[in-house]
Amino acid sequence: MLLIIVAFISLSGRICFANNAITVVANTQDRGILLSRHEVRNLFMGTPLGYDFIAITLPPENQTRVIFNTKVIGLTESRIQSYWAQMRFTGRKKVPREVASEQLVLEYLQNNKGAVGYLPASLTLPDDLTVIYTIL
């Protein structure tokens, strides 16, 4: 019986792990671009990368955003909000545009060249978008 419970927990952990995978997707014609975690973090924290990318985000209460913040940005939502408050106050950086849902991120990406957003890896992407980073 104990063996069955351990196996179930192990299997459940794998399913959760697979469901938390995130892809960072761009509307770019250069299909060879692959970014590091550090570059993706910088992009979403307002630092230019040398590409003509514009980051878009999901609302703070969105689970995909929570996972992205944890795995890529490495900060809690409150720390990120504090960071952006400082950047807005000093006028040094511009907060990424926010869209309401993953479906709207997908639509925004398709309609705006240079747009970059993050989505669950399980989401089917259209052929005209490029995955530039994936984290499991």
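Me: Which residues lie nearest the centre of the largest pocket, and how many line it?
Reply: In this predicted model, the lining of the largest pocket is made up of 15 residues, and those nearest its centre are Phe53, Ile54, Ala55, Lys94 and Pro96.

Me: How much space lies in it, and what's the lining like by class?
Reply: The largest pocket holds about 320 Å³ of space, and its lining, sorted by class, consists of 9 nonpolar, 3 polar and 3 charged residues.

Me: OK, and the second largest pocket, how much space is there?
Reply: About 160 Å³ of space lies in the second largest pocket. It is lined by 15 residues, and Thr57, Arg65, Ile80, Trp84 and Pro96 are the ones that lie nearest its centre.

Me: Which elements give two or more residues to that lining?
Reply: Those are helix H3, which spans residues 63-73, and helix H4, which spans residues 77-90. By class, the lining of this second largest pocket comprises 9 nonpolar, 3 polar and 3 charged residues.

Me: Switching to helix H5, which of its residues are buried?
Reply: Within helix H5, which runs over residues 102-111, the buried residues include Val105, Leu106, Tyr108 and Leu109.

How values were computed: Residues are numbered from 1 along each chain as its sequence is written. This is a predicted model: local features need pLDDT of at least 70, side-chain atom pairs count only at pLDDT 80 or more; totals for chains, interfaces and linings use all residues. Side-chain values use heavy atoms; hydrogens and water are left out. On a 1 Å grid over the protein atoms alone, a cavity is a set of points where a 1.4 Å probe fits but cannot get out, and a pocket is an open set with protein on both sides within 12 Å along at least five of seven lines; lining residues have an atom within 4 Å of a point. Grid points are joined across faces, edges and corners, and a volume is the space filled by probe spheres set on the points. Ala, Val, Leu, Ile, Met, Phe, Trp, Tyr, Cys and Pro count as nonpolar, Asp, Glu, Lys and Arg as charged, and the others, Gly among them, as polar. Helices (H or I, at least four residues) and strands (E, at least two) are DSSP runs, numbered from the N terminus. Buried means under 20% relative accessible area, exposed over 50%, partly exposed in between (1.4 Å probe, protein chains only).
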